[in-house]
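Start with the terms, then follow the pairs.

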Amino acid sequence: MTQNHTAGMETSAISVLKRAVELDHSGRFQESLVCYQEGIQLLMDVLKAAVKDESKRGHFREKIKGYMDRAEQIKVHVNQLKEDGKYHEQIRIAEDATGYSYDALFKPYMSNLLTEVWVQDPYIRHTHQLYNFLRFCEMLLKASCKVKKIHLLTSQDEADNRQQSTALAELKESLSALGLTLDLQYSSTIHDREIRFDNGWIIKIGRGLDYFKRPKGRFSIGYCDYDLRQCQETNVDIFHTKHTKTL
């Protein structure tokens with residue numbers, strides 16, 4: 001392993017752990033736990049591969065132990081909140097904020113136990129909304145979990161539902177070829193937006209999946225990479241099923 005590569009890994013670890021501490025201090029514990037775990041692994045890789053100086057090795061071990069202890073405290077805290085049915089976390093996405101791609105937003109809640117997803121969103125109708133749902137499905141496909149079924153409850157476009165029906169039928173066929181089932185249902189009365197995972201997590205986004213701003217142009221930054229796409233202001237509320245069992 002080259003010195004430059006090692007330095008890059010160490011820089012990445014510092015960046016991820018800094019983000020973990022920021023999330024920790026803001027009370028976003030599940031997200032911070034994921035960042036702590038990733039950062040700790042990066043530091044351990046650096047320690048194993050490149051650190052020869054014993055004093056520096058001791059410094060790395062001390063840092064790793066401190067982060068591991070904090071990660072374990074958070075894990076116990078989160079598990080207790082889930083057990084008591086009291087887990088609730090809120091993320092405020094500010095106007096024009098970036099860094100909130102579907103992967104960034106949903107990854108902390110997608111454990112290996114996740115196999116089934118329910119999406120309730122009345123506005124999966126127009127072209128950009130249909131592409132949003134397609135990107136959400138692609139995100140699930142790329143994740144380490146093994147999702148086998150996706151349920152979509154949405155409303156039909158009353159003016160002209162041909163594009164909506166054709167697009168969702170094509171997506172259903174495409175997912176089926178990859179071993180996933182898409183269950184489509186329509187309702188003319190739904191209003192609320194929520195996404196449920198069968199590992200217990202519930203994510204409610206004020207704007208549903210449609211919280212990204214229109215890009216300024218087809219060759220503008222953020223057109224392809226949604227981590228760089230500006231967002232509209234909205235709130236994201238995260239619960240665990242025990243917290244909502246009486247709803």
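Buried means under 20% relative accessible area, exposed means over 50%, and partly exposed lies in between (1.4 Å probe, protein chains only). The model is predicted: local features need pLDDT of at least 70, side-chain atom pairs count only at pLDDT 80 or more, and totals for chains, interfaces and linings use all residues. Residues are numbered from 1 along each chain as its sequence is written, and side-chain values use heavy atoms, with hydrogens and water left out.

Begin with charge pairs. A salt bridge is a side-chain nitrogen of Lys or Arg within 4 Å of a carboxyl oxygen of Asp or Glu. The whole structure holds eleven salt bridges. One joins Glu-22 to Arg-19, with the closest N and O atoms 3.8 Å apart. Both sit in helix H1 (residues 3–25); because they are three residues apart, about one helical turn separates them. Helices (H or I, at least four residues) and strands (E, at least two) are DSSP runs, numbered from the N terminus. Glu-22 is partly exposed at 40% relative accessible area. Arg-19 is partly exposed too, at 34%.

Another salt bridge pairs Glu-95 with Lys-213, at 2.8 Å between the closest N and O atoms. This pair links distant parts of the chain, 118 residues apart: Glu-95 is in the loop between S1 and H4, Lys-213 in the loop between S6 and S7. Glu-95 has a relative accessible area of 40%, and Lys-213 has 23%. Asp-96 joins Glu-95 and Lys-213 in a network of salt bridges. Asp-96 has a positive phi of about 70° although it is not a glycine. Most residues other than glycine have a negative phi.

Now turn to Arg-229. Its place is in the loop between strand S6 (201–205) and strand S7 (234–240). Contact means heavy atoms within 4.5 Å. Leaving aside neighbours within four places in sequence, Arg-229 is in contact with residues including Ala-97, Thr-98 and Phe-212.
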